[in-house]
Amino acid sequence: MTCGNDHVKLWENGKGKQGKFNKGKLESMFSCTYLKDNLYATGSGMGTVFIWNGTSTISANKAHGKGKVQTITYKNDILYTGADDGNIKSWKVSNNGELKQLKIIFDPRNLPQLSEITDIKRIEE
């Protein structure tokens with residue numbers, strides 16, 4: 001599978017087949033991964049994660065609020081996504097392609113403010 005500006009292609013024996021958007025609308029894709037059993041996932045520039053069965057989308061899931069899904073991977077039946085909103089999330093993918101958020105692994109809004117950190121040592125030049 002390859003993806004990019006307004007396209008998704010699935011490749012077999014050196015021949016590419018254009019993906020069809022049955023669910024959701026055509027968007028530029030920035031990340032893609034193989035799931036299992038002819039299922040794939042792509043991450044779009046609008047924060048949407050599409051689940052594909054072969055060359056057709058079976059679901060379009062708004063996974064991240066702002067910005068593109070920069071990275072997407074699948075391991076041990078869990079889908080992981082990272083996006084420009086700064087969040088890294090984990091998901092369970094249902095049989096019909098819907099995503100159920102398991103947890104937010106990283107949320108930049110939960111980082112402490114510099115004024116809250118008391119154990120910073122000054123670095124002398």
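Select glutamine 18 to begin: it is partly exposed, with a relative accessible area of 38%. This residue sits in strand 3, residues 15–18. Glutamine 18 and methionine 1 are 17 residues apart in sequence, and their C-alpha atoms lie 9.9 Å apart in space. Keep in mind throughout that this is a predicted model.

**The whole chain**

Zoom out and colour by secondary structure. The protein chain has eleven strands and zero helices. Read from the N terminus, the order of elements is β-β-β-β-β-β-β-β-β-β-β. Next, colour by accessibility. Of the 125 residues in the protein chain, 37% are buried.

Together they form an open sheet in the order 8-9-10-11, with antiparallel pairing. Which strands stand at the edges? They are strand 8 (69–75) and strand 11 (99–106). Each has a single partner strand, so one side of each is left without a neighbour in the sheet. As background, strands of a sheet pair through backbone hydrogen bonds, either parallel or antiparallel.

Strand 10 covers residues 88–93 and runs antiparallel to strand 11, with six bridges joining the two. For one of the pairings, pick lysine 92: its bridge partner in strand 11 is lysine 100.

**A nonpolar patch**

Show the surface and select Ile88, Ile105 and Phe106. These residues make a nonpolar surface patch of about 240 Å². Isoleucine 88 belongs to strand 10. Is isoleucine 88 buried, partly exposed or exposed? Its relative accessibility is 37%, so isoleucine 88 counts as partly exposed.

**The core**

Hide the surface and go inside. The largest nonpolar core has 14 residues. Select Leu35, Ala41, Val49, Ile51, Leu79, Val93 and Leu99, the members with the most contacts inside it. Which elements give two or more residues to this core? They are strand 5 (39–44), strand 6 (48–53), strand 8, strand 9 and strand 10. Strand 8 gives the largest share, three residues. In soluble globular proteins, nonpolar side chains tend to be buried together.

**The salt bridge**

Show side chains for lysine 36 and aspartate 77. They form a salt bridge, with the closest N and O atoms 3.5 Å apart. The count for the model is one salt bridge. Lysine 36 lies in strand 4 (residues 29–36), while aspartate 77 lies in the loop between strand 8 and strand 9 (78–83), so the pair ties together parts that are 41 residues apart in sequence. Check accessibility at both ends. Lysine 36 is partly exposed at 35% relative accessible area. Aspartate 77 is partly exposed as well, at 36%.

**Two loop residues with positive phi**

Step along to aspartate 37, in the loop between strand 4 and strand 5. Aspartate 37 is not a glycine, yet its phi is positive, about 45°. Its relative accessible area is 63%, which makes aspartate 37 exposed.

Finish at asparagine 76. What is its phi? The value is positive, about 50°, although asparagine 76 is not a glycine. This residue is in the loop between strand 8 and strand 9. Asparagine 76 is exposed, with a relative accessible area of 66%.

Technical notes:
Residues numbered from 1 in each chain as written. Predicted model: local features only at pLDDT ≥ 70, side-chain atom pairs only at ≥ 80, totals over all residues. Heavy atoms only, no water. Pairing = 2+ DSSP bridges. Helix = DSSP H or I, 4+ residues; strand = E, 2+ residues; numbered from the N terminus. Patch = residues over 30% accessible without salt bridge, like charges linked within 9 Å, V, L, I, M, F, W, Y side chains within 5 Å. Areas by Shrake-Rupley, 256 points an atom, 1.4 Å probe, with all protein chains shown as cover. Salt bridge = Lys/Arg side-chain N within 4 Å of Asp/Glu carboxyl O. Buried < 20%, exposed > 50% of the residue type's maximum accessible area, 1.4 Å probe, protein only. Core = buried A, V, L, I, M, F, W, Y, C linked by side-chain atoms within 4.5 Å.
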